[in-house]
Amino acid sequence: MAGAPEERGPGPSAGEQLQQQHVACQVFPERLAQGKSQQGFLSGFFTNNQKCQLMLVKTLQTNPYVKLLLDAMKHSGCAVNRERHFSCEDCNGHVSGGFDASVSQIVLCQNNIQNQAHMNRVVTHELIHAFDHCRAHVNWFTNVRHLACSEVRAANLSGDCSLVNEIFRLRFGLKQHHQTCVRDRAILSILAVRNISKEVAQKAVDEVFESCFNDHEPFGRIPHNKTYARYAHRDFQNRDRYYSNI
């Protein structure tokens, strides 16, 4: 996000930029009329947009997952600005959101996000991608294994696979169900934004699953619910104070 491209060195090649634009236009049709992001925080007047903006504000101010991620982004030199780094837009299909790495912006699908709990999960999920983009050189558009790793982390740490969500999906009770859910959600996320076969997506996820599933940064643990997320945020703040005093 802010300042991240300079820290990571040279930008994408012309071919990679064209591929980024193609992917963005496929999933988020409002993305690139002139290569510029669309609606900022105050530009929408339609009901869906206003609802999206209000839910976003509440999420940023109150959700413990998001508050930890915002602190972690700032600590990593990628402070998040609400107006610059979030955009509520209409999206194709059933996509709820996405991280547009070409402009370091999170897209929130105002026509598909139905309630506050859904907004909380989407913002958390996409902020994990933004965090990965900040801390590492992620080849989102040319290396499916990089994408797979971030999708595994996002499914694992965002609450996507919480017991409550899985009960609503009528999928629960299996041995090692959390791991199964994370794997399945990661594959679905890849297929939503990449024109590849399910077999290729599965192979990419399987190759990176163990290491990426066990990478819990910046939470330090799997935050299975908001209470765990609050504890993780407290520990992150204490860890930050400890290192600042060394």
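Which way, right-handed or left-handed, does α9 pass α10 in their crossing?

**Entry 1: What I am looking at**

I note that this is a predicted model, in which local features need pLDDT of at least 70 and side-chain atom pairs count only at pLDDT 80 or more, while totals for chains, interfaces and linings use all residues. Residues are numbered from 1 along each chain as its sequence is written, and side-chain values use heavy atoms, with hydrogens and water left out. I take helices (H or I, at least four residues) and strands (E, at least two) as DSSP runs, numbered from the N terminus.

**Entry 2: Helices α9 and α10**

I looked up helix α9 (residues 177-193) and found that its axis comes within 9 Å of the axis of α10, crossing at roughly 135°. Here axes are lines fitted to C-alpha atoms, for helices over the stretch in contact, and angles run from 0 to 180 degrees between N-to-C directions. The two helices are therefore oblique to each other, since angles under 35 degrees count as roughly parallel, over 145 as roughly antiparallel, 65 to 115 as roughly perpendicular and the rest as oblique.

To my opening question I can now write that α9 passes α10 in a right-handed crossing; a crossing is called right-handed if the near helix is turned clockwise from the far one by less than a right angle, and left-handed if anticlockwise. The contact (heavy atoms within 4.5 Å) involves residues of α9 including H178, V182, A186 and I190, and residues of α10 including A201, V205, F209 and F213.

**Entry 3: A pair of rings in α10**

I then followed F209 and F213, which lie four residues apart in helix α10 (residues 198-213) and are thus separated by about one helical turn. A pair of aromatic rings is described by the distance of the centres and the angle of the planes. Rings of Phe, Tyr and Trp (its six-membered ring) pair if their centres lie within 6.5 Å, and planes under 30 degrees apart count as stacked, over 60 as edge-to-face and the rest as tilted. The structure holds three aromatic pairs. In the pair of F209 and F213 the centres are 5.2 Å apart and the planes stand at 20°, so the pair is stacked. Both F209 and F213 are buried, where buried means under 20% relative accessible area, exposed over 50%, and partly exposed in between (1.4 Å probe, protein chains only).

**Entry 4: The sheet**

Which strands form the open sheet, and in what order? I found three strands in the order β1-β3-β2, with mixed pairing, and the edge strands are β1 and β2, each of which pairs on one side only. Two strands pair if DSSP finds at least two bridges between them. Strand β1 (residues 86-89) pairs with β3 in the parallel sense over four bridges, and I located F86 opposite I106 and E89 opposite C109. Strand β2 (residues 97-100) pairs with β3 in the antiparallel sense, also over four bridges, with L108 as the bridge partner of G97 and Q105 as that of D100. I also saw that β2 and β3 form a hairpin with four residues between them, and that S104 in the turn has a positive phi of about 50°.

Helix α6 (residues 116-135) lies across β1, β2 and β3, running at about 20° to β2, while α3 lies across β1 and β3, at about 145° to β1. Helix α3 (residues 47-62) also packs against α4 at an angle of about 75°, with their axes 6 Å apart, which makes α3 roughly perpendicular to α4.

Finally I checked M73, which lies in helix α4 (residues 64-75), and found it buried, with a relative accessible area of 0%. The C-alpha atoms of M73 and F131 are separated by 6.0 Å, although the two residues are 58 residues apart along the chain.
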